[in-house]
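Good morning, colleagues. I would ask you to look at the structure on the screen while I go from the whole chain to a few of its parts.

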Amino acid sequence: MKECHLIRVYGIVQGVGFRPFVARTASACKIAGSVCNKGPYVEIYAEQTKENIDLFLKKIKDEAPERSAILKIQDTEIELINFSDFKIIESQKVKGDIFVSPDIALCEKCKKELLDKNDRRYLHPFINCTACGPRLTILDSMPYDRVRTSMKNFPMCPECDYEYTHEETRRYHAQPVCCNKCGPELYIIEKNAEASIKGNDAITYCRKLINEGKIIAIKGIGGFHLCCDATNEEAVSRLRKLKHRPQKPFAVMVKDISCVKKQCKLLETQHAILNGPQKPILLLKKKEDTILAPSVAPDNPNVGIMIPYAPVQVLIFNYPDEYKISDYLIMTSANPSGAPICCNDKEVIKYILPICDAVLSNNREIRMRCDDSVMSWHENKPYMIRRSRGYSPIPFMLSSDDSQNLTKEKSSVENKAKSVLAIGGELKNTFCISKNDLFYPSPYIGDLADVRSVETLKNEIELFSSLLEVKPDAIVCDMHPKYNSTLVAEELSSKFNIPLYKVQHHFAHVVSCMAENNFTDKVLGVSFDGTGYGNDSSIWGGEFLLCDTKDFTRLGSVKPFFQAGGDLSSKEGWRIAAAILSDASDKYSALDFCSKEEFSVIKKLVSMKMNGVVSTSAGRLFDAAAAVLGIRKASTYEGESSCCLEFNAESLLDNDGQLSEKNSELIEKLYDEFKLLSGSSFIQLKENFFTLKTDLLMHFIADKKLEGFDSSVLAFLFHKIFAEMIFEGCVYSAEKTEVKTIALTGGVMQNILLLNLLEKELRKKDFNILIHSMIPANDGGICLGQAVIGRSLCV
């Protein structure tokens, strides 16, 4: 006997080939009915016997497209409608949770067709199917259909239209479907060019320029990249000079996995991420015999590697012409320093064409710019540094049960919690919009010191809000009064006449870690970074906080010091070192990280409390240690000195991450000496507040450097003692509060060596440890924490 069922499927079921999958599955199960995209969910009518419908539902659950993510399936039996066949019907938008698919890297089937001489899409630079291609970056509004994307400007030819409308094809309802006849067109932009080079001739021209050691800009899915031969030291050095980027590493795009293995150490689990549907930039260890140019990542054992994810990138490596180009290309974001990635011709002509030899562009518009995601690796899984392409705008779910992210079958459709807009941080800005139990972090924008980043933030908030159909009930921002992010929040709060909540920076860090781990009970937050405006108007940066999602209590910090030198001190670690060691400046002048005259000036500033601020910045302590040890006196990009300190320490480790017996014994001996010097305790109590004896640590490593100890040994010792100090602070805080869950967050926790040392000690005491994975520990992740706090305050 036939039955009719109304089935609703919630989750990431748009832009991933879900409706065509449902139609094919219905055909296999002999189901009559329809499937329609409603925006928040896919709605299915299914008529057949109970056995067939049960099989149909099982296949939907078990065989859904790998890029989909089902949150919940609602199944209700209704009266028979007597369908004659099964159809995909026109999308109908309704209210509810919105799930927007991120952009998806070129799939293997499309790549095979792209390079197949007998395929009608041979060498088509915009090839895609239901399993791959642009999504977020071409989207105007929901539901996700071609007419609401920038592909609406390219009418389908008869062949593409047939594929789009027939379920037996791989492009059945693939919204960006096109071919060489009907798709977008490539073209070259040059300075003072007399004639335009178009079509695939433009690819050959770019390959010619790369082969000659030139620099080109290439339009990808979410913006432009600057590209040159990564094995050509002259070309890479020239790019550094033109981009005013003396030391910060460049990302490298590598032809395929086999080429990656020739230059880098690659774990099998990393292989799966590097070559998966997101294809992020992954930080890998360089091999000693690498052919990559030294200027790709100067003084850095790691290099950021990604595999081609857009068809045009595959063609740059593989186009059949007379030119032989490198298997390794610099592919760095094309943007002015501090500004967002360029995403249109107007921007690239103004800002990028002056520093490159040509631009390869196309006439498919990018609606929302989206930079590449970047990740490190920790405990055999991703450790996100920049969450953007491939991952945003997949939401996170926070609820009172065990549900997490998009992997649990839990719906929040009936939840009427107020929506908030969290503006995010001043550095590495991303924003976040909450809707019900879902929190949607935006793609990466950048540092808001640049007015172009501020304008991008405003524009993308407007577009994001429109896509998610959200009108926020409140706005949340950092409490720093002079940040541009704060000014944007105040402007929007006034414009829409809605409440504004200003949230302490390190509190937001901790709650972001809680939210990622779907943890809502009290935690002890270890929030260590460079800068955050404190409740006492000083600069915080090394904080122990007792937190829930509404409030926090500050329990301890690193020992406060005077951050002499104003804004310069955040870039010049020698100033921090001189300030902390100023009480014995004559003694430490021999270390030569600054002159006697500079020491004298800093000493005077400290004594008079002029041109500086009181700070507990953990990040600045790492910079100071790098200066004292002669590793880096100053940074040319954020985190450079701290990274170099970590690299020097890690240079002592073998391939298994172990110290040699000799170095292990030496470091333990020095550690014991410091412990004796500190009175066997690394913390100091005063009126229910504790501080870490970090000033004593700085003096100790300076003394040992004067005694002639190796800088790498002392760098490792610094990490070890610092980890032990944090551990002791956690133990004391747990005894005081009876809370045994520790959340480790903040930019300093991107230091994998420190994180490993700290986690090792915490496990000995059976702490429940929360760490980041898919949300950055740095300021790129605080928008999630702000949004969760804001929603708690709105209730």
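The chain folds into 23 helices and 31 strands, where helices (H or I, at least four residues) and strands (E, at least two) are DSSP runs numbered from the N terminus. The radius of gyration is 28 Å, close to the 28 Å given by the globule rule for 795 residues, so the chain is as compact as a globular protein of that length. That radius is taken over C-alpha atoms, and the rule is 2.2 Å times the number of residues to the power 0.38.

Please note that this is a predicted model, in which local features need pLDDT of at least 70 and side-chain atom pairs count only at pLDDT 80 or more, while totals for chains, interfaces and linings use all residues. Residues are numbered from 1 along each chain as its sequence is written, and side-chain values use heavy atoms, with hydrogens and water left out.

Along its principal axes, the C-alpha trace spans about 90 × 60 × 55 Å. Of the 795 residues, 62% count as buried; buried means under 20% relative accessible area, exposed over 50%, and partly exposed in between, with a 1.4 Å probe and protein chains only. Among contacts between residues at least 6 apart in sequence, 72% join residues at least 24 apart, a contact being heavy atoms within 4.5 Å.

I turn now to strand β7, residues 216–219. Is this strand covered on its faces or left open? Both faces are covered: I216 and I218 on one side, and A217 and K219 on the other, are all buried. Strand β7 pairs with strand β8, residues 224–229, in the antiparallel sense over 4 bridges; two strands pair if DSSP finds at least two bridges between them. The two strands form a hairpin with 4 residues between them, and I218 stands opposite H225 in β8. With strand β14, residues 358–362, β7 pairs in the parallel sense over 3 bridges, and there A358 is the bridge partner of I216.

After the helix comes G213, with a positive phi near 85°.

The next topic is an open sheet. In which order do its 6 strands stand? The order is β17-β20-β19-β18-β21-β22, and the pairing is mixed. Strands β17 and β22 stand at the edges with a single partner strand each, so one side of each is left without a neighbour in the sheet. Within the sheet, β18 (residues 420–422) and β19 (residues 432–435) pair in the antiparallel sense over 2 bridges, with C432 as the bridge partner of A422.

Two residues complete the picture. K502 lies in strand β22 and is partly exposed, at 41% relative accessibility. Leaving aside neighbours within four places in sequence, K502 is in contact with C477, D478, M479, T486 and E490. S442, by contrast, lies in the loop between β20 and α11 and is buried, with a relative accessible area of 1%. Not counting residues up to four places away in sequence, S442 touches R387, S392, T430, F431 and F464.
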